[in-house]
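Let's walk through this model together, one part at a time. Keep the viewer open as you read.

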Amino acid sequence: MTTETANESNRIRRSHRHIFAENVFRQALFLVGLALIVLILGVMITLAWQSIPSIKEIGLKYLWGKTWDPVSDVYGAFPFLLGTILTSFTALILSIPFSFAVAVFLGEYYPAGWVSNLLKNTIELIAAVPSVIYGFWGLAVLVPMVRGLETALGVNPVGMGIFTSALILAIMIIPYAATLGRTMIQMVPSPLKEAAYSLGATRWEVIKTVIFPYTKSGLFAGVLLSLGRALGETMAVTMVIGNTSILPKNIFSPGNTMASVIANEFAEADHPVYRAALIELGLVLFLVTVVINMFGKHLISRFTHE
Amino acid sequence: MVHSNIKFRLGKSIFFQVLTVLLASACVVPLVAILLYILGAGFNTIRTSGFSFLVNLPKPVGETGGGIANALMGSIIIILVASIIAIPIGILGGIFLSENKKSKVAYWAGLCIDILQGVPSIVIGIVAYFWFVKPMGGFSALSGSLALAIMMLPIVVRSTEETLKLLPDSLREAAFSLGMPFHRVILKVIVPCGFSGIISGVMLSVARIAGETAPLLFTAFGNPYLSTDVLRPMQSLPLLIFNYATSPYNEWHDLAWGASLILLTFVLLLNILTKILTNKWKVQF
């Protein structure tokens with residue numbers, strides 16, 4: 001009798017302990033979830049808060065001011081905005097034909113087999129190479145090549161500049177649009193394609209009139225993700241863009257992007273407004289990439305849930 | 001007339017197929033070029049200074065026989081500390097997202113993970129500077145690890161969530177019907193079943209942060225001496241490559257090529273290993 005009650009009370013104690021542990025575990029999970037939200041809000045608030053001195057001092061003129069001269073306390077971010085836009089969009093234009101070709105190659109022409117497997121894995125590895133290594137390679141290989149091209153074209157042969165950065169970026173962003181595009185193209189229902197074939201369409205006509213229109217939004221989302229990556233890329237660009245705060249005159253001139261100017265100047269910015277101006281660049285970069293990525297993700301989820 | 005039109009369309013189709021194949025194969029060229037170049041330059045370093053550059057400390061410019069021991073050590077410490085911080089939180093986050101699909105908090109947390117994945121690494125660097133470096137009173141390896149941990153989180157959370165979502169509900173229900181409490185069901189049944197997927201995510205996230213430089217610029221900062229104190233500035237491989245590559249000295253370039261070879265080998269091997277394991281375990285994300 002006594003052992004039975006002892007067993008009973010043991011069991012009750014154990015299940016109390018279990019219920020307690022269960023609640024603690026649930027709460028811990030909830031706290032982690034909450035912490036993730038707080039993290040992003042914290043990032044946003046920190047950036048906004050720390051850039052207040054510059055917003056107060058300079059105001060909206062910051063965005064189209066053409067001179068960035070910390071020595072005389074003038075901060076205009078336009079050269080960096082222009083540098084970022086020029087590098088990213090040039091990179092995008094250069095990389096799109098290639099990433100779409102990969103997407104069509106893997107999604108439609110050769111979806112299986114060891115060759116396409118190899119290509120698929122290689123493309124994914126492009127995204128794995130650290131950006132500082134792209135930068136170093138660009139410095140050693142691309143810069144002399146671009147210098148040669150500039151001499152041939154009769155431009156001032158610097159080698160480092162917006163075009164070189166765009167070349168590096170174009171390589172780096174191929175995988176994003178390619179992998180997503182491949183997934184989207186594989187999701188095109190085969191009855192649609194077969195209907196087009198039965199009407200006498202050639203393979204290219206099927207791709208042009210069935211696959212591309214059907215996957216339009218998905219392909220666009222891939223381009224957006226590539227763009228988001230290109231805008232925020234720091235190290236590779238910093239190493240080959242030439243780092244000057246002068247407004248770039250043409251596509252070969254050296255310049256700076258938002259990310260590269262932060263990387264170069266943040267550690268040595270001793271002046272509160274100077275530092276805040278750099279953080280404001282970070283804030284702009286953050287907001288732009290968030291909007292682009294969210295829009296891209298929205299397009300993807302709409303496409304996959306249709 | 002009709003005949004030639006069909007011929008033209010067929011020709012066009014073949015033309016575009018050839019073009020696609022050409023453009024797609026051209027994408028392999030840069031990666032192969034980078035690999036070959038770094039293999040060449042890295043082995044050149046190993047040939048001239050032997051493997052001792054891995055265990056030697058940097059020497060002043062002009063002296064030969066310098067090495068990258070401090071960066072190698074620093075990278076290992078920084079990555080280890082970042083993993084210790086990020087992996088448990090990331091896995092818990094993933095469990096939370098997969099267990100509470102309908103809750104509001106989970107929806108917003110998922111959105112935040114998406115946002116975090118797209119945040120440029122330099123922005124993480126700035127934020128880490130204000131969160132960790134300023135309160136701690138100076139650059140430190142720990143702040144660098146924390147910055148990298150933030151970058152690891154989205155990958156670990158997402159891979160854990162996707163893996164656990166694929167497990168059949170009957171598994172969970174069977175465990176519950178035996179009277180197991182919630183935390184035991186998760187920790188002893190669900191997580192072990194999804195172990196392969198979680199591990200692949202962890203490996204990918206380590207590979208991702210191993211080469212990150214931008215968040216370390218204002219946190220770990222770099223250090224020309226060997227240091228194992230996580231509260232002091234520390235060198236790491238990517239920082240060393242960046243500093244030496246942009247320096248004008250040839251000896252430093254050679255060391256940077258050696259370091260690049262080590263870093264690239266580590267990152268690519270980790271990626272390939274993950275691929276092989278995910279194929280073997282049939283993990284799907």
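Chain B splits into domain 1 (2-50) and domain 2 (68-281), with bounds that come from an automatic or database domain assignment. Taken over C-alpha atoms, the centres of domain 1 and domain 2 of chain B are 32 Å apart. Eight residues of domain 1 of chain B are in contact with seven residues of domain 2 of chain B, where a contact means that two C-beta atoms, placed from the backbone, lie within 7 Å. On the domain 1 side of chain B, the touching residues are four nonpolar, four polar and no charged ones. For these classes, Ala, Val, Leu, Ile, Met, Phe, Trp, Tyr, Cys and Pro count as nonpolar, Asp, Glu, Lys and Arg as charged, and the others, Gly among them, as polar.

Before going further, please keep in mind that this is a predicted model, in which local features need pLDDT of at least 70 and side-chain atom pairs count only at pLDDT 80 or more, while totals for chains, interfaces and linings use all residues. Residues are numbered from 1 along each chain as its sequence is written, and chains are lettered from A and ligands numbered from 1 in the order in which they are written.

Chain A is divided as well, into domain 1 (2-50) and domain 2 (61-305), and their C-alpha centres lie 42 Å apart. Its secondary structure comes to twelve helices and two strands; these are DSSP runs numbered from the N terminus, with helices being H or I of at least four residues and strands E of at least two. Read from the N terminus, the order in chain A is α-α-α-β-β-α-α-α-α-α-α-α-α-α. Chain A has a radius of gyration of 26 Å, well over the 19 Å that the globule rule gives for 306 residues, so it is more spread out than a compact globule. That radius is taken over C-alpha atoms, and the rule is 2.2 Å times the number of residues to the power 0.38. Along its principal axes, the C-alpha trace of chain A spans about 100 × 70 × 35 Å.

The C-alpha atoms of A:Ile19 and A:Leu153 are separated by 76 Å. A:Ile19 counts as exposed because it has 12 C-beta neighbours inside 10 Å; the cut-offs are 12 or fewer other C-beta atoms within 10 Å for exposed, 20 or more for buried, and partly exposed in between. Of the 306 residues of chain A, 48% count as buried.

Now bring the two chains together. In all, 66 residues of chain A are in contact with 65 residues of chain B. Helix 1 (residues 2-50) of chain A gives the largest share of the chain A side, 20 residues. By class, that side has 48 nonpolar, 14 polar and four charged residues.

Finally, look at helix 11 (residues 258-265) of chain A, where six of the eight residues are buried. Among the elements covering these buried residues are helix 12 (272-305) of chain A and helix 5 (121-136) of chain B. One of the buried residues is A:Ile262. Leaving out residues up to four places away in sequence, A:Ile262 touches A:Leu278, A:Leu281, A:Gly282, B:Ile122 and B:Ile126.
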